[in-house]
2 protein chains.
Amino acid sequence: MISKNVITYVQSLQQKKARQKYQCFVAEGNKLVAELGDSDWEFEALYVKESFAPAHKSLIAKYQHCIQIVSDMEMERLSGLQTPQDALAVVRMKTNKSTSPKGWTLVLDGVQDPGNMGTLIRSAAWFGFSQIVCSLDTVELYNPKVIQGSMGAFATMPIHYTDLANYLSLQKLEIYAAVLDGKPLRKTTFSKEGILVLGNEGNGIRPEILRLVSNGITIEKAKDSKVESLNVAVAAAILMNAVTQAIN
Amino acid sequence: MISKNVITYVQSLQQKKARQKYQCFVAEGNKLVAELGDSDWEFEALYVKESFAPAHKSLIAKYQHCIQIVSDMEMERLSGLQTPQDALAVVRMKTNKSTSPKGWTLVLDGVQDPGNMGTLIRSAAWFGFSQIVCSLDTVELYNPKVIQGSMGAFATMPIHYTDLANYLSLQKLEIYAAVLDGKPLRKTTFSKEGILVLGNEGNGIRPEILRLVSNGITIEKAKDSKVESLNVAVAAAILMNAVTQAIN
C-alpha cells in the first residue's frame, strides 16, 4: 500500500514549482520507463503494476531498492495520464552540461506549448540533430506533456536553456531561421554544420535574436492559401528534413 | 444576463454526443469567430464581451438576431479554453458534400489525437491540398481541440468522413502513403495530382488500406537515431511540402 504522502508528492510533480524544489520529474508508460531505466537517468522511485514485472525482470532487479508494486487504483491516483499504463517512474533531473555544438543545433526561442516541444525533440532526434538550445522562457523540458510527447527522445538528446542572444552571438556557425519573409526553402543551401532557429508559436523569433540570423528561410505555401503560418513543430521538421537531405 | 440553461447547453457542446444531437459546435477566439462569421458557416448564437464590439461592427450587425454581450465571468463559464477570449460562437455543422478530387487529397486512416488533426488541416490548407478524406474512426472534425488547433483552416477545407477502403478502391489517381519501410522520400517522384495517406499515431495504416497504396514513402532518419517514428502531423507536412515542391 502506498501512503497518502507519497501520492501527494508524486501528484505534486505535475507542477513546475514542485519539480524545481525536488529536482525530480515523472515519466510514465511501460516503454518509456523501460528505456529510461536502462539509461543513465536515475530513478528516485519506480511504481509498477504486477502485470509489468514478468516482461521487465532486469529492470525490476536494478531498481529493487526503490520499486513498489501498486494496484490499478493506486496507479490511477499517481498518474497524470488519462489512461494510466503499468509503470511510472520518479526520475532525477540531470545537471545541464553545456556542450560545444557539432553538426546541427536546433534553437528554440520561446516555444510555449509542451506538445510542440515534445514533437520538436522527437523530430530533432529523428533527423540526427546533435543538441537543442532553448531560450530561458521556452517551456520546461520536464513538463509531463513534453516528456510524454517526445516519445523517449528527451532521454538522449542534450537540451540546454540559456540566454539565447548571448549564446548565438558567440557561435561561428551559419545561423538559419524559419521566417515568413525569407528566402524560399527550395533556393536555400545548407552548410555541413549549422544552427536552425524556430520561434514562439504566436510571435515568432524575437527581433534581438533575428538580428543574429544569417539565413531567413520561408516554407512556401500554395498561391491561394489563406493560412497565416505553419505549426512550429511542423515548420521545424520540414527544415530539419531539408538539412538532412542536403548534407547527406 | 445569460441563463443557466444556455451555459449548460454551450458547455455540453464540448462533448461529441451533444454536438451530434444538436448538430452544432463551438468556435472560440476573436480571430476565428470573425473569420467564420464572414464565411458561409452559420452561427446559432454569438457571445461576445463588450471589448469585442468596437473592432467588429459589421459582424455584430450581421448577427444582431443571435448576439449576446456577456461579462468576463459568463465568458469563463461558456468557454472551453483555459484563457477565454472575447468571442465565442455556436456554429451549425454543415452537411458533408462529397467532391471529386482535383489536385491532391490528404487521406487520414484513424488519426486519433485532436491536436494532430488540427495541425494536419492547417498544413493541408497551407500546401494547397484540395480536400481531406478521413476514415470513419478518425477523430471528429468538430472536436473543440481540432477546431482551435486548425487555426481557422477547417473553415475552408473540404473534410469528409467515409469508408476509406471503399473510397480508395474507386480512385484512379496514384496513391502515396507514409510508411516505415518504403522508398526514401528523396527518390520519390510525385504525379501532378494524387492521394497521400497517413495512418494512426500508434498503429499506422491498416493492412486493408495499405493494400491499395501504390507508393510507400519513408522519411529517412539519421543513421544513429533511436527514435521509432515521427509524429503523424510532422510526417504529413514533410510529405505535403515535398509534393508541393515537386509539382510547382
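Let me start at a loop in chain A, the one between helix H2 (16–22) and strand E1 (24–28), where A:Gln23 is found. Helices (H or I, at least four residues) and strands (E, at least two) are DSSP runs, numbered from the N terminus. A:Gln23 is not a glycine, yet its phi is positive, about 55°. For background, most residues other than glycine have a negative phi. Is A:Gln23 buried or exposed? A:Gln23 is exposed, because 12 other C-beta atoms lie within 10 Å. The cut-offs are these: a residue is buried if 20 or more other C-beta atoms lie within 10 Å of its own, exposed if 12 or fewer, and partly exposed in between, with C-beta atoms placed from the backbone.

A word on the source. This is a predicted model, in which local features need pLDDT of at least 70 and side-chain atom pairs count only at pLDDT 80 or more, while totals for chains, interfaces and linings use all residues. Residues are numbered from 1 along each chain as its sequence is written, and chains are lettered from A and ligands numbered from 1 in the order in which they are written.

A second residue with a positive phi is A:Met151, near 55° and again other than glycine. A:Met151 is found in the loop between H7 and E7 of chain A. With 23 other C-beta atoms within 10 Å, A:Met151 is buried.

Now chain A as a whole. The chain has 10 helices and 10 strands. Its C-alpha trace spans about 60 × 40 × 35 Å along the principal axes. Of its 248 residues, 46% are buried. Two residues are in contact if their C-beta atoms, placed from the backbone, lie within 7 Å. Taking contacts in chain A between residues at least 6 apart in sequence, 77% join residues at least 24 apart.

Next, one strand of chain A. Strand E6 (residues 131–135) is mostly covered, with 4 of its 5 residues buried. Which strands pair with E6(A)? One is strand E5 (residues 104–109) of chain A, parallel to E6(A) over 4 bridges. The other named here is strand E7 (residues 159–162) of chain A, which also runs parallel and is joined to E6(A) by 4 bridges. Pairing here requires that DSSP finds at least two bridges between two strands. On the E7 side, A:Ser135 has A:Thr162 as its bridge partner. Between E6(A) and E7(A) the chain crosses through helix H7 (residues 144–149) of chain A, a right-handed β-α-β crossover. E5(A), helix H6 (residues 114–126) of chain A and E6(A) make a right-handed β-α-β unit too. Right-handed means that, with the strands pointing away from the viewer, the path from the first strand over the helix to the second runs clockwise.

On to the two copies. A rotation of 180° with 0.0 Å of shift along its axis superposes chain B on chain A, with an RMSD of 0.0 Å. That is the relation of a two-fold axis. The superposition is by least squares on the C-alpha atoms of residues with pLDDT of at least 70 in both copies. The same surface serves both copies, since 100% of the contact residues of chain B recur in chain A.

How many residues does each chain bring to the contact? Chain B gives 28 residues and chain A gives 28 residues. In chain B, helix H6 (114–126) and helix H10 (232–247) each supply at least two residues of the side that touches chain A. The largest share of that side, 7 residues, comes from H10(B). By class, the side of chain B that touches chain A has 13 nonpolar, 10 polar and 5 charged residues. Here Ala, Val, Leu, Ile, Met, Phe, Trp, Tyr, Cys and Pro count as nonpolar, Asp, Glu, Lys and Arg as charged, and the others, Gly among them, as polar.

Leaving aside neighbours within four places in sequence, B:Ala236 is in contact with B:Leu106, B:Leu120, B:Ser123, B:Ala178 and B:Leu198.
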